[in-house]
Amino acid sequence: MKILAIETSCDETALALLNLDIESKNFRVVDHILYSQINEHSQYGGVVPALAARLHNKKLPVMLQEFIHRNGREIDAIAVTVGPGLEPSLYVGVNLAKLLAETLAAPLIPVNHMHGHMFSGLLNDQLEGRVPTKYPFIAYTISGGHTELVLVKDYNDYEIIGITQDDAAGEAFDKVAKMLNLAYPGGPKVSKLAEIGDSEAIQFPRPMLNSGDGKMSFSGLKTAVLYYIKDNPPQNDKDIANICASFEKAVIDVLLTKLDWAVNTYKVRQVVIGGGVTANLKLRQAFEEYAHKNQVELLVPNKILSTDNAIMIGVVACLDIIHNIKNRPQEVNGNLEI
């Protein structure tokens, strides 16, 4: 069974084709394509929703034509991101998905973008996966728009047990980058500079570190960095690198502490991480060290699956088909009903 997946929730235009063997419950990525709008948005210092939608409208038909040329027209189901995300961008993908589903007389599968991140770690480096067999497990999504811990009790049975009270971790990275006049997208640049900085040079606060629950906060940390820069303007590249490394260390400390709370509170032995921030090298290393030390199985997505992509949307569609999930309620789908 071949599933075409479409992702247009923000500033990446992406398509993926997955092959699902329902009998064995195995699935694999046949092909995928992605166009990033970073260059177009960089001059504005962030994503401009109207521009993002126009670029999706421009690129998606061209990408689909190329995709069909490479893989043929044999498609058994269409999966599309319906939220959360920027509604003008989401509508582009949803409208195309509706048209394709009607034209091909194929079922249309709405997918929550967050579910995609939650299950992207199921794929191995060869982009092959199968239905998860271990429940419950913790899904930890760390991105520019979301930072949340989810207890996955069973497929389609989730409970949010921890969430940021203000900024997402990735958002804090981007805002610190702006403070340091680093070009958009700044988050990855902060991470790169942190590799050569001293993470102990500055003792930034760790908000809500000892709150004894899954609540997180990164706004206060971001503000602390702002005041530090005002009081101690960086004089050279070393100063900037030290700020980045110390900030990054504070974020990772909070994220790890909250993971430890979740693992011990809910007695889980498997953790799946996802979201753009999981591409951060130091964060990956810290999570891997924690998992090894605490005998927790850690599923980390391939780096191409860390940021927004259509592959993870196709993975959720495969799992929905295997579990015969239909007609998800709007609050599960996200922004749009289809």
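Author: Let me begin with a definition: axes are lines fitted to C-alpha atoms, for helices over the stretch in contact, and angles run from 0 to 180 degrees between N-to-C directions. Please also keep in mind that this is a predicted model.

Reader: Fine. At what angle do H6 and H8 pack, then, and how far apart are their axes?

Author: Helix H6, which covers residues 186-194, packs against helix H8, residues 237-266, at an angle of about 105°, and their axes are 7 Å apart. Angles of 65 to 115 degrees count as roughly perpendicular, and H6 and H8 are therefore roughly perpendicular to each other.

Reader: Which residues of H6 and H8 meet there?

Author: On the H6 side they are Val190, Ser191, Leu193 and Ala194, and on the H8 side Ile240, Ala241, Cys244, Ala245, Phe247 and Glu248.

Reader: Going over to H5 and H8, how do their axes cross?

Author: The axes of H5 and H8 cross at roughly 170° and come within 11 Å, and that makes H5 roughly antiparallel to H8. In this contact Ala169, Ala172, Phe173 and Val176 of H5 meet Phe247, Glu248 and Val251 of H8. The residues involved in the contact of H5 with H8 comprise six nonpolar, no polar and one charged.

Reader: And what is the arrangement of H5 and H7?

Author: For H5 and H7 the axes come within 10 Å and cross at roughly 10°, which makes H5 roughly parallel to H7. Lys175, Val176 and Met179 of H5 make this contact together with Lys222, Val225, Leu226 and Ile229 of H7. Here the residues of the contact of H5 with H7 divide into five nonpolar, no polar and two charged.

Reader: Changing topic to the rings: how many aromatic pairs are found in the whole structure?

Author: A search of the whole structure finds eight aromatic pairs. In one of them, phenylalanine 173 and phenylalanine 247 have ring centres 4.9 Å apart and planes at 75°, so the pair is edge-to-face. Phenylalanine 173 lies in helix H5, residues 169-179, and phenylalanine 247 in helix H8, so the pair ties together parts that are 74 residues apart in sequence.

Reader: Are those two, phenylalanine 173 and phenylalanine 247, buried or exposed?

Author: Phenylalanine 173 is buried, with a relative accessible area of 3%, and phenylalanine 247 counts as buried at 0% relative accessibility.

Reader: What about the rings of phenylalanine 204 and tyrosine 228?

Author: Their centres are 5.7 Å apart and their planes stand at 85°, so phenylalanine 204 and tyrosine 228 form an edge-to-face pair. This pair links distant parts of the chain, 24 residues apart, with phenylalanine 204 in the loop between H6 and helix H7 (219-231) and tyrosine 228 in helix H7. Phenylalanine 204 is buried, at a relative accessible area of 5%, whereas tyrosine 228 is partly exposed, at 28%.

Reader: Which residues do ring pairs link into a cluster?

Author: The cluster linked by ring pairs consists of Phe119, Tyr135, Phe137, Tyr155 and Tyr158. On another ring, that of tyrosine 35, lysine 59 lies over the face, at 4.4 Å from the ring centre.

Reader: One more lysine, please: where is lysine 153 placed, and what does it touch?

Author: Lysine 153 is in strand S8, residues 147-154, and counts as partly exposed at 37% relative accessibility. Not counting residues up to four places away in sequence, lysine 153 touches Tyr135, Pro136 and Glu159. Between lysine 153 and proline 136, which are 17 residues apart along the chain, the C-alpha atoms are separated by 4.4 Å.

Reader: Last one: where is leucine 96, and which residues is it in contact with?

Author: Leucine 96 has its place in helix H3, residues 87-104, and is buried, with a relative accessible area of 15%. Leaving aside neighbours within four places in sequence, leucine 96 is in contact with Ile6, Leu60 and Leu64.

Technical notes
Residues numbered from 1 in each chain as written. Predicted model: local features only at pLDDT ≥ 70, side-chain atom pairs only at ≥ 80, totals over all residues. Heavy atoms only, no water. Helix = DSSP H or I, 4+ residues; strand = E, 2+ residues; numbered from the N terminus. Parallel < 35°, antiparallel > 145°, perpendicular 65-115°, else oblique. Contact = heavy atoms within 4.5 Å. Phe/Tyr/Trp six-rings, centres within 6.5 Å; stacked < 30°, edge-to-face > 60°. Buried < 20%, exposed > 50% of the residue type's maximum accessible area, 1.4 Å probe, protein only. Lys NZ or Arg CZ within 6 Å of the ring centre and 35° of its normal. Nonpolar A, V, L, I, M, F, W, Y, C, P; charged D, E, K, R; others polar.
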